Amino acid sequence: MIKEKADAWQMELTEISWQYEKVLEDFDLTTLNLKPGPNQWSPMEILQHLILVNTSYFPTFDQIIQQQYKSPFMGKLPFYGSKMGEIILASMNKSSKIKTFNSWKPTEKLHNNDLKIKFFKQQDQLSNYLQKLEPFLGKNIMISSPANKWIVYPLDMAIEIILAHEKRHLSQIKNLLKSN
């Protein structure tokens with residue numbers, strides 16, 4: 001059961017990465033750096049945001065893999081963590097705008113192709129983590145959000161949230177580029 005879930009996540013991540021590649025290859029850097037409005041992100045800023053979010057999970061993933069992870073205090077309340085994760089996951093599927101934590105905000109600047117390379121390299125790293133985390137899935141390991149230690153959810157749900165977050169921003173980028 002867990003192996004199938006991990007394999008499904010691997011396939012989903014591969015599909016998401018392929019879709020990002022397909023969308024981004026059709027546009028030049030000028031278009032990809034174009035902000036639709038003063039308080040909105042360009043497609044490249046969205047990529048930087050995804051890199052910041054995803055890589056912020058990597059230290060926790062490393063600790064889990066090395067079996068050195070200590071569950072957060074709030075993680076001792078599994079009902080709380082599961083409910084918190086469900087709320088966050090549900091928010092990824094809503095069209096309303098969500099304010100991000102400051103640590104995950106992209107820098108306002110023009111980006112070059114290095115950012116795209118960095119994004120796809122980070123996607124490969126995430127794929128590797130999915131493989132290495134497989135033995136720890138389904139064990140109700142509670143982790144805290146890298147942005148706020150009071151927000152906790154199960155490791156499995158963290159992966160669901162990461163993938164849903166990537167899909168949410170993929171749709172956002174597609175919509176931004178469609179209007180150009």
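Which exposed residues sit on the face of helix α4 turned away from its buried side? They are Phe79 and Ile87, where exposed means over 50% relative accessible area, buried under 20% and partly exposed in between, using a 1.4 Å probe and protein chains only.

## Before we dig in

This is a predicted model, in which local features need pLDDT of at least 70 and side-chain atom pairs count only at pLDDT 80 or more, while totals for chains, interfaces and linings use all residues. Residues are numbered from 1 along each chain as its sequence is written, and side-chain values use heavy atoms, with hydrogens and water left out.

The helix and strand names come from DSSP runs, numbered from the N terminus: helices are H or I with at least four residues, and strands are E with at least two.

## Helix α4 and its two sides

Helix α4 covers residues 78-92, and its 15 residues should span 21 Å at 1.5 Å a residue; the expected span is 1.5 Å times one less than the number of residues. The C-alpha atoms at its ends are 21 Å apart, so the model agrees with that expectation.

Now for the inward side. Gly81, Met84, Gly85, Ile88 and Met92 are the buried residues of α4. Looking down the axis, you'd find these buried residues within an arc of 100 degrees, so they line one face of the helix; the arc is taken from the directions from the helix axis to the C-beta atoms. And what do they pack against? The partners are β1 (142-145), β2 (148-154) and α6 (155-178), with contact meaning heavy atoms within 4.5 Å.

To count, a side-chain nitrogen of Lys or Arg must be within 4 Å of a carboxyl oxygen of Asp or Glu.

## Lys35 and its two partners

The salt bridge count comes to 5. Among them is the one where Lys35 meets Glu45 at 3.1 Å, N to O. Lys35 is in the loop between α2 (29-32) and α3, while Glu45 is in helix α3, so this pair ties together parts 10 residues apart in sequence. Glu45 is buried, with a relative accessible area of 2%.

Lys35 also meets Glu108 in a salt bridge, at 3.9 Å, N to O. Glu108 sits in the loop between α4 and α5, so this pair joins parts that are 73 residues apart in sequence. Glu108 counts as exposed at 66%, whereas Lys35 is partly exposed at 29%. Put together, Lys35, Glu45 and Glu108 form a network of salt bridges.

## Rings that meet

There are 6 aromatic pairs. Rings of Phe, Tyr and Trp (its six-membered ring) pair if their centres lie within 6.5 Å; planes under 30 degrees apart are stacked, over 60 edge-to-face, and the rest tilted. The rings of Phe58 and Tyr129 have centres 4.6 Å apart and planes at 35 degrees, so this pair is tilted. Phe58 belongs to helix α3 (residues 43-65) and Tyr129 to helix α5 (residues 113-133), so the pair links distant parts of the chain, 71 residues apart.

Phe58 is buried at 6% relative accessibility, and Tyr129 is buried at 12%. Ring pairs also link Tyr57, Phe58, Phe61 and Tyr129 into a cluster.
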